[in-house]
Amino acid sequence: MPYAVTHILVPIIILDLLKKRRAWKGKISLHTIFVAGVFGLVPDLDIALEFLLYGIGNPADLHRTFTHSFSIPFVLAVIALLLWRSGRARKQAAFLGVAAFGWALHVFLDILSGGVVTPFVPFSSWGIEVGILVNEAQPLQLQTSILAALDAVVFLVWLWHEEKYKKLKDFF
Ligand SMILES: [Zn+2]
């Protein structure tokens, strides 16, 4: 489970790179990139929901369950496609499509980095863990250090990229 900076910046970096390609020029706004970054973190709101519902030290474990399913971004993407094809509400369609992208990328990053994710809830409780970066056999302190280092590396790469192309002003 990467931390917030990675979850926010990876969709931002991907869309920013796409924005520079000829086929996507002028089609991806800063607002779109912002929405992708926000929805890259939204699935982890289950942590706040768990706290609100059950408080600290609760027996329930909502984290990485229903919000960490590809079902939600799939539904968002289908609605986006239907809205886009209808020719009406294209802005809303783009918003939902980008939200679906950010959300699905969050689930994908969690699967890759470590910890079990049930990506097809509520249709299946099948869980998957690739665990490229961390796994449950490692001490918690090592997992925390690796994920914090990932945040730092992703942030520094993004800063370097923005500085290189002198586009930092776009984000401030
Ligand atoms: Zn997560």
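This briefing walks through the fold, the core, a helix pair and a few individual residues of the structure above. The model is a predicted one. The protein chain holds 6 helices and 0 strands, so that, by the helix and strand assignment used here, its elements read α-α-α-α-α-α from the N terminus on. Its largest nonpolar core has 23 residues, and H5 gives the largest share of that core, with 10 residues.

**Overall shape and packing**

- The C-alpha atoms of the protein chain fill a box of roughly 45 × 40 × 30 Å along the principal axes.
- The radius of gyration is 17 Å, which agrees with the value near 16 Å that a compact globule of 172 residues would have.
- Of the 172 residues in the protein chain, 25% count as buried.
- If you look at contacts between residues at least 6 apart in sequence, 58% of them join residues at least 24 apart.

**The nonpolar core**

- Within the core of 23 residues, those with the most contacts are Ile12, Ala36, Leu76, Ala99, Ala100 and Trp103.
- Four helices each supply at least two residues of this core: H1, helix H2 (30-39), H4 and H5.
- Ala99 is a handy place to start looking, and this residue lies in helix H5.
- Ala99 counts as buried because it has 22 C-beta neighbours inside 10 Å, and the cut-off for buried is 20 or more.
- Leaving out residues up to four places away in sequence, Ala99 touches Val35, Phe39 and Leu76.
- Ala99 and Ala36 are 63 residues apart along the chain, yet their C-alpha atoms are separated by 5.6 Å.
- Ala36 has its own set of partners beyond four places in sequence: Pro11, Ile12, Leu15, Val98, Phe101 and Gly102.

**Where H1 meets H6**

- Helix H1 (residues 4-19) and helix H6 (residues 140-164) have axes that come within 9 Å and cross at roughly 30 degrees.
- The crossing of H1 past H6 is left-handed.
- On the H1 side, the residues that meet H6 are Val5, Thr6, Leu9, Val10 and Ile13.
- On the H6 side, the residues that meet H1 are Leu150, Asp151, Val154, Phe155 and Trp158.
- Sorted by class, this contact has 8 nonpolar, 1 polar and 1 charged residues.

- Asp16 is found in helix H1.
- Asp16 counts as buried because 21 C-beta neighbours lie inside 10 Å, where 20 or more is the cut-off.
- The C-alpha atoms of Asp16 and Ile33 are separated by 7.1 Å, and these two residues are 17 apart along the chain.

**The loop between H3 and H4**

- Arg64 sits in the loop between helix H3 (45-54) and helix H4 (71-86).
- The phi angle of Arg64 is near 65 degrees, a positive value in a residue other than glycine.
- Arg64 is buried, as 23 other C-beta atoms lie within 10 Å.
- His63 is found in the loop between H3 and H4, and with 17 C-beta neighbours inside 10 Å this residue counts as partly exposed.
- Setting aside neighbours within four places in sequence, His63 is in contact with Asp46, Ile47 and Glu50.
- His63 and Leu105 are 42 residues apart in sequence, and their C-alpha atoms are 17 Å apart in space.

**Backbone details in two other loops**

- Ala89 lies in the loop between H4 and H5.
- The phi angle of Ala89 is near 50 degrees, a positive value in a residue other than glycine.
- Ala89 counts as partly exposed because it has 14 C-beta neighbours inside 10 Å, a number between the limits of 12 or fewer for exposed and 20 or more for buried.
- A cis peptide bond joins Val121 and Pro122, with omega at about 10 degrees.
- Pro122 is found in the loop between helix H5 (90-113) and H6.

Methods:
Residues numbered from 1 in each chain as written. Predicted model: local features only at pLDDT ≥ 70, side-chain atom pairs only at ≥ 80, totals over all residues. Axes fitted to C-alpha atoms, helices over the stretch in contact; angles between N-to-C directions. Left-handed = near helix turned anticlockwise from the far one by under 90°. Contact = placed C-beta atoms within 7 Å. Nonpolar A, V, L, I, M, F, W, Y, C, P; charged D, E, K, R; others polar. Rg over C-alpha atoms; globule rule 2.2 N^0.38 Å. Core = buried A, V, L, I, M, F, W, Y, C linked by C-beta atoms within 7 Å.
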